[in-house]
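Please consult the structure shown here while reading.

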Amino acid sequence: MMPRIAPLAGALGAEILGVDLLNLDAQGWEDVHRAFLQYSVLAIREQKLEPADIMRVGAKFGEPCHYPFVTGMDGYPFIFEVVKEPEEKKNFGGAWHSDTAYLKQPPLATLLYAVETPSHGGDTLFTSTYAAYDALSEGVRKVVDTLIGVNSAELKYGGGRTAMHQKIGGMKVHDTDNADQYVSEHPVARTHPETGRKALYASRSHTTHFKGMTEEESAPLLNFLFQHQTRPEFTCRVRWAPGTLTVWDNRCTQHNAVNDYHGQRRRMRRLTVGAQIPQ
Ligand code: SIN
């Protein structure tokens, strides 16, 4: 079955239509993988996936990874539910980031499967950190090419640890008191191992400073990069429906879950795969 691919925006993102991931042949998976490398974010529509199926699909992209702060589903320790209940105000992932950049080997891909979605709102924004890197001047590229970012799980800008502390509704959160122990250094301009393209790898959620500099010294350039990399022309938006599986490439994108659906439930299942040292 040949997937139909409908790009979502100029810089990244595509919808994949007319496929059944559970019955995809080798050629179909090759097409999906090529689309993943080309578009970085794939919203694969109208799937019916149980947790075991999500594991099977995830295995096509890499080995499963553990998320340190949320307990997995019974029988599926690598999958956890991202839930916002109607009475909750904070959401999970509501600030720009690449997943778990504070780990030594962050996951190359995240799979997020929509189980229950609000009638409207609750979209996820994505940005292409390839496009952001490419749009820098040669002078700034030369500087960022030399920098190492220090990434910490002690999230300061909302959306992560801060939100999780206050979050008692649908998610089984634990261990956030140890968040400051999750710190990793990664290149600010990383090279994608499969495409060879360079992408920015620093986020407002995780990157606290540049190695060898203070936070104060790092802030002007970091703040510039945080602003720059989310320029509208580098972004796309995924609108969810139950049965949508979105797979994104953490090596060349960041995402931000839009928190605009208070009073409605949103329930997703999330799996990360493919631990890889950013180079
Ligand atoms: C995440 O940041 O992993 C969750 C994104 C979302 O719920 O849209």
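The structure is a predicted model, and every value below was computed from its atoms.

**Helix α1**

- Helix α1 comprises 14 residues, 26-39. At 1.5 Å a residue the helix should span 20 Å, and its end C-alpha atoms are 20 Å apart, which agrees.
- The buried residues of α1 are G28, W29, D31, V32, A35, F36 and Y39.
- Several elements pack against the buried residues of α1: the strands β1 (4-7), β2 (14-17), β3 (41-44), β6 (107-116) and β14 (245-249), together with helix α2 (51-59).

**Helix α2**

- In α2, burial applies to P51, D53, I54, V57 and G58. Viewed down the helix axis, these buried residues fall within an arc of 155°, so they line one face of α2.
- R56 and A59 are exposed on the other side of α2.
- The cover over the buried residues of α2 includes α1, β6, β14 and β16 (266-275).

**Sheet β9-β8-β12**

- Three strands, in the order β9-β8-β12, form an open sheet with antiparallel pairing. Strands β9 (183-187) and β12 (207-210) are at the edges with a single partner strand each, so one side of each has no neighbour in the sheet.
- From one strand to the next, the twist averages 30°.
- Strand β8 (residues 148-152) is joined to β12 by 3 bridges, and the two strands run antiparallel. N151 is placed opposite T207 of β12.
- S184 belongs to strand β9. Is S184 buried or exposed? With a relative accessibility of 2%, S184 counts as buried, the cut-off for this class being under 20%.
- A polar atom of the S184 side chain lies 3.3 Å from the backbone oxygen of L103.
- Leaving aside residues up to four places away in sequence, S184 touches A101, Y102, L103, K104, G149, V150 and N151.

**Sheet β13-β7-β15**

- Another open sheet has 3 strands in the order β13-β7-β15, and its pairing is antiparallel. Its edge strands, β13 and β15 (253-257), each pair on one side only.
- Ignoring direction, neighbouring strands of this sheet are turned by 25° against each other on average.
- Strand β7 (residues 124-128) pairs with β13 over 4 bridges in the antiparallel sense. Between β7 and β15 the pairing, also in the antiparallel sense, extends over 5 bridges.
- Which residues stand opposite F126? In β13 the residue is C236, and in β15 it is H255.
- Strand β13 (residues 235-238) presents C236 and V238 on a covered face, whereas T235 and R237 are on an uncovered one.

**Backbone angles in loops**

- Most residues other than glycine have a negative phi. Two residues with positive phi are described here.
- S40 lies in the loop between α1 and β3 and, with a relative accessible area of 2%, is buried.
- T100 is not a glycine, yet has a positive phi of about 45°. The loop that holds T100 runs between β5 (80-84) and β6. T100 counts as buried at 6% relative accessibility.

**An exposed loop residue**

- E46 is located in the loop between β3 and α2. Its relative accessible area of 74% makes E46 exposed, since that class begins over 50%.
- How far apart are E46 and E194 in sequence and in space? The two are 148 residues apart in sequence, and their C-alpha atoms are 28 Å apart.

Key. Residues numbered from 1 in each chain as written. Predicted model: local features only at pLDDT ≥ 70, side-chain atom pairs only at ≥ 80, totals over all residues. Heavy atoms only, no water. Pairing = 2+ DSSP bridges. Axes fitted to C-alpha atoms, helices over the stretch in contact; angles between N-to-C directions. Expected span 1.5 Å × (residues − 1). Buried < 20%, exposed > 50% of the residue type's maximum accessible area, 1.4 Å probe, protein only. Contact = heavy atoms within 4.5 Å. Polar contact = N/O pair within 3.5 Å; in protein donor to acceptor, adjacent residues only side chain to side chain. Arc of directions from axis to C-beta.
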